[in-house]
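I set out to look up a few features of this model and to note each one in turn.

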Amino acid sequence: MNNAHYHIIFNQHAGSGTSKKAWQQVEQVLIDQHILYTAYETEFIGHGAILASEIIQNEQKETGIILVLGGDGTLHEVMNGLGNEQTSIPIAYIPCGSGNDFARGVGISRKPLVALEKILNATEAKTFDIVHYKEKEQLKEGYFVNNIGIGFDAAVVKKTNHSTNKEALNKYKLGSLSYLSSVISVFFKQKPFPIDIEIDGQQQHFEDAYLVTTSNHPYFGGGVPIIPNAVVDDGLLDLIIVTKINFLYFLWLFMMMPFKKHTAFKRVHLFQGKVIKLYSPTLEDGQADGEELGMKSFDFEFQTVKRQFWFR
Ligand SMILES: Nc1ncnc2c1ncn2[C@@H]1O[C@H](COP(=O)(O)OP(=O)(O)OP(=O)(O)O)[C@@H](O)[C@H]1O
């Protein structure tokens, strides 16, 4: 779009600070190419959502594009700030977090200047799914772009978010290793838990669920293809449940994940549907796009919604 006005929401803390360098490079190109932009920096957790909702209220809908520079958490905030309004403005995204799973899922380059070039050369929006969730008991709702997890992965997210080695590892572009160290330590702490699931009206109960992740596309935890066949624009959601396993089985399962062989394991259960409902009665950790949802009993309903993204 030649006359586009880019509203840039930038999180300098994403990727434990590696996003700062990306922003310097991106801004220089915008200046050199005389691109019209306004930059807004997130100043606190949750600010991305506030900025996005302010931008959408004041923006010229025909020419405005919101450009997010940050990780999955920043994109998550922006999508939640826009809510249903996002149907009227496309989102451009330059991934510079530690995991960048949404970028992998939709095929956005993780090299900032390549991603920028594809944004500036785009002539029309692309449509992808994101997921709307409702929490029955808490009367809460929101959106996620990657996944919502209950149990093991959520406990890993909590552990990683509070780990002191995340920043150090990110500096050496080894962010995925901080997930790995949390994965191993959480394995010995997480207990199996009961869960009721409903996929397009079909109910099933698991007594010993361990990992329960509903996903919009294949990737989680910084590039692990946990649900290899998930497709980000098919209008369908994918759910993986792994039931309680011992440590050797767990190691073997995680070693097989990069090769997408884990889906054949007996304790791995995959489901796909348009509407997915989950009810976990016990207190468990929850996470949405790597953001902690707290420890509680979850009663979720998920459904995909379409959103416009701006890149070639
Ligand atoms: N000014 C700020 N101070 C502290 N935290 C912030 C600030 N602005 C944003 N945040 C928080 O930074 C966190 C990390 O951002 P983000 O998730 O985008 O990057 P990441 O964790 O490095 O990447 P990924 O989610 O792709 O692994 C988010 O939870 C966001 O709320």
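Predicted model: local features only at pLDDT ≥ 70, side-chain atom pairs only at ≥ 80, totals over all residues.

On the face turned away from the buried side of α1, I found the exposed residues Lys 21, Gln 24, Gln 28, Ile 31 and Asp 32.

I listed Ser 19, Ala 22, Trp 23 and Val 26 as buried in α1. Viewed down the helix axis, the buried residues of α1 fall within an arc of 100°, so they line one face. I then looked up what covers these buried residues, and the cover includes β1 (5-10), β3 (64-70), β4 (91-95) and α5 (112-120).

I checked the span of α1, residues 18-32: at 1.5 Å a residue, its 15 residues should span 21 Å, and the end C-alpha atoms are 22 Å apart, which agrees. Just after α1, I noted that His 34 takes a positive phi of about 55°.

I looked up the largest nonpolar core, which has 77 residues; Ile 66, Leu 67, Val 68, Leu 69, Val 78 and Ile 94 touch the most other members. Domain 1 (5-124) and domain 2 (132-305) both contribute residues, so this core lies between them. For Val 78, I set aside neighbours within four places in sequence and found contacts with Ile 9, Gly 48, Ala 49, Ala 52, Ile 66 and Val 68.

I noted that the unreviewed UniProt entry carries the annotation "transmembrane region" for residues 236-257. In the model, I found the chain over residues 236-257 to be 45% helix and 32% strand, with end C-alpha atoms 22 Å apart.

Terms used: Residues numbered from 1 in each chain as written. Helix = DSSP H or I, 4+ residues; strand = E, 2+ residues; numbered from the N terminus. Expected span 1.5 Å × (residues − 1). Buried ≥ 20, exposed ≤ 12 C-beta atoms within 10 Å, placed from the backbone. Arc of directions from axis to C-beta. Contact = placed C-beta atoms within 7 Å. UniProt positions renumbered as here; feature names shortened; annotations may be inferred. Core = buried A, V, L, I, M, F, W, Y, C linked by C-beta atoms within 7 Å. Domains from an automatic or database assignment.
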